[in-house]
Amino acid sequence: MKKVRIPISVDPVRSASKATSYDGVVPASGLKRLQEILFTPSDDVEVYLAFDRDEQGIVFFRGNADVDVKLACQRCGNPIEQQVSVKFLYAPVNRKITIDDLPGHYEAVELNELGEVNLHEIVEDELILGLPLVAMHAENECEIDRNAMVFGELPPEAEKKNPFAVLQQLKK
C-alpha cells in the first residue's frame, strides 16, 4: 500500500482546530541537505504528524520520522547502514505567543509570511540532528583495524622553520 505524501507546508492553527494528523512519506528528493551528507541517496522518509492544542490552548504538533540511510564509515570510508528515528514536538510562535511564553518541552517554530510551517524542512532538520556525529562500523566489522593504524612521520620538507625565529634574533 502506497502511503500519502505529507504536504510541504500547513497552517498549524487551522490544522490544530481540526485535530489533523498525517501518516505518510516525505519524498527523499526534496531533502537535498540530508542527501548531501549520505553515502548514497536514501528512500522516502516515513512520517507521522499530529496537530492539536494543549490544556493552555497552545497550538502544537508532534511527530516522528523514520528512514534507513547509508553513511560513510569515518574509519574505512565504506558504507554503513543506519536507521534514523526521530521524535519531535513543536509549537508555532508569532506576535501573540513568543518563545518565552512556551513551556520548555516545546521547540519553537516560526511561521512563514502565509502563517504556515514548512513540514519538509522540519523533518529534514530533525533527521540531520538524529544522525550520529561520527559514523563508524563496529570494530569487528570494519575493514581497518583501529590498532593497526599508523600515522607515520612528516617528511623533512614539512618541518618548516618557525617564521618568528627571526624576531627572536632581533630581540638580542
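1. A19 sits in the loop between α1 (12–17) and β3 (21–26). Helices (H or I, at least four residues) and strands (E, at least two) are DSSP runs, numbered from the N terminus. Phi of A19 is near 50 degrees, a positive value in a residue other than glycine. Most residues other than glycine have a negative phi. A19 counts as exposed, at 52% relative accessibility. Here buried means under 20% relative accessible area, exposed over 50%, and partly exposed in between (1.4 Å probe, protein chains only).

2. A word on the basis. This is a predicted model, in which local features need pLDDT of at least 70 and side-chain atom pairs count only at pLDDT 80 or more, while totals for chains, interfaces and linings use all residues. Residues are numbered from 1 along each chain as its sequence is written, and side-chain values use heavy atoms, with hydrogens and water left out.

3. Next, the overall layout. The protein chain has four helices and eight strands. From the N terminus on, the order is β-β-α-β-α-β-β-β-β-β-α-α. The radius of gyration of the protein chain is 24 Å, well over the 16 Å that the globule rule gives for 172 residues, so the chain is more spread out than a compact globule. That radius is taken over C-alpha atoms, and the globule rule is 2.2 Å times the number of residues to the power 0.38. Along its principal axes, the C-alpha trace spans about 75 × 50 × 25 Å.

4. How much of the chain is buried? Of the 172 residues of the protein chain, 34% count as buried. The protein chain exposes about 12,200 Å². Carbon and sulfur atoms supply 50% of that area. Accessible areas come from the Shrake-Rupley method with a 1.4 Å probe; for residues, only the protein chains shown count as cover.

5. Contacts come next, meaning heavy atoms within 4.5 Å. Take those in the protein chain between residues at least 6 apart in sequence: 58% of them join residues at least 24 apart.

6. Charges: the protein chain has 19 positive and 29 negative side chains. The centres of the two sets lie 5 Å apart. Lys and Arg count as positive and Asp and Glu as negative; His and the chain ends are not counted. The place of a charge is taken as NZ of Lys, CZ of Arg, CG of Asp or CD of Glu.

7. Which residues form salt bridges with R33? A salt bridge is a side-chain nitrogen of Lys or Arg within 4 Å of a carboxyl oxygen of Asp or Glu. By this rule the count comes to two. E124 meets R33 at 3.0 Å, N to O. This pair links distant parts of the chain: E124 is in helix α3 (residues 119–130) and R33 in helix α2 (residues 32–37), 91 residues apart. D125 also meets R33, at 2.6 Å, N to O. D125 in helix α3 and R33 in helix α2 are 92 residues apart. Shared partners join R33, E124 and D125 into one network.

8. R33 is partly exposed at 40%. D125 is partly exposed at 31%.

9. Q35 also lies in helix α2. Q35 counts as buried, at 18% relative accessibility. Not counting residues up to four places away in sequence, Q35 touches A28, P41 and S42. Q35 and I128 are 93 residues apart in sequence and 9.8 Å apart in space, C-alpha to C-alpha.
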